[in-house]
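This note sets out a few points for a colleague to check against the coordinates. The points are numbered and can be read separately.

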Amino acid sequence: MKVGQGLGLREKFNESKARKWMWVGLVAVVAVQIYFVQELLAALILFTGLFAVLAIAAGVLYLVDRAGQWGLGWAAQHSRPAVQLARRGWAAAEELSKKPFHRPRSETAR
């Protein structure tokens with residue numbers, strides 16, 4: 001081979017083939033990396049949605065619990081008059097049941 005002649009046809013073919021496979025390999029590496037990024041983003045979106053659903057459920061349960069506590073406090077505060085009325089009625093019924101239904105020295109009707 002002469003010094004000034006450059007690469008022959010065979011060397012050019014091998015070099016272009018190697019360059020082609022280098023680009024194919026580079027594209028494959030980028031594609032694999034993009035695939036993993038897509039997988040990670042999909043997993044992130046799924047777990048974010050699951051976390052949001054669980055957070056909303058926990059929030060609803062918390063609000064139901066707080067509303068129940070408030071309702072019990074309100075009922076305890078407003079039921080005092082009804083409880084007092086029921087106690088007075090019970091006491092009146094007991095007192096009435098202790099009294100005889102007829103006069104002590106009366107006779108039964110024939």
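Predicted model: local features only at pLDDT ≥ 70, side-chain atom pairs only at ≥ 80, totals over all residues.

1. E15 and R19 are both part of helix α1, where four residues, about one turn of the helix, separate them. E15 and R19 form a salt bridge, with an N to O distance of 3.1 Å. A search of the whole structure finds one salt bridge. In general, side chains of opposite charge can pair when their charged atoms come close.

2. The secondary structure of the protein chain consists of two helices and zero strands. Helix α1 covers residues 9-78 and includes W23. Helix α2 covers residues 80-98.

3. The geometry of helix α2 can be checked by its length. Its 19 residues should span 27 Å at 1.5 Å a residue, and because the end C-alpha atoms are 27 Å apart, the two values agree. The expected span is 1.5 Å times one less than the number of residues.

4. Of its 110 residues, 0% are buried. The accessible surface of the chain amounts to about 11,000 Å², and carbon and sulfur atoms account for 69% of that surface.

5. Which residues make the nonpolar surface patch of about 510 Å²? The patch is made by M22, W23, L26, V30 and I34. Of these, W23 lies in helix α1.

6. The structure contains one aromatic pair. The ring centres of Y35 and F36 are 6.0 Å apart and the ring planes stand at 55°, so the pair is classed as tilted. For reference, planes under 30 degrees apart would count as stacked and those over 60 as edge-to-face.

7. Y35 counts as partly exposed because its relative accessibility is 47%. F36 has a relative accessible area of 45% and is therefore partly exposed.

Notes:
Residues numbered from 1 in each chain as written. Heavy atoms only, no water. Buried < 20%, exposed > 50% of the residue type's maximum accessible area, 1.4 Å probe, protein only. Areas by Shrake-Rupley, 256 points an atom, 1.4 Å probe, with all protein chains shown as cover. Patch = residues over 30% accessible without salt bridge, like charges linked within 9 Å, V, L, I, M, F, W, Y side chains within 5 Å. Salt bridge = Lys/Arg side-chain N within 4 Å of Asp/Glu carboxyl O. Phe/Tyr/Trp six-rings, centres within 6.5 Å; stacked < 30°, edge-to-face > 60°.
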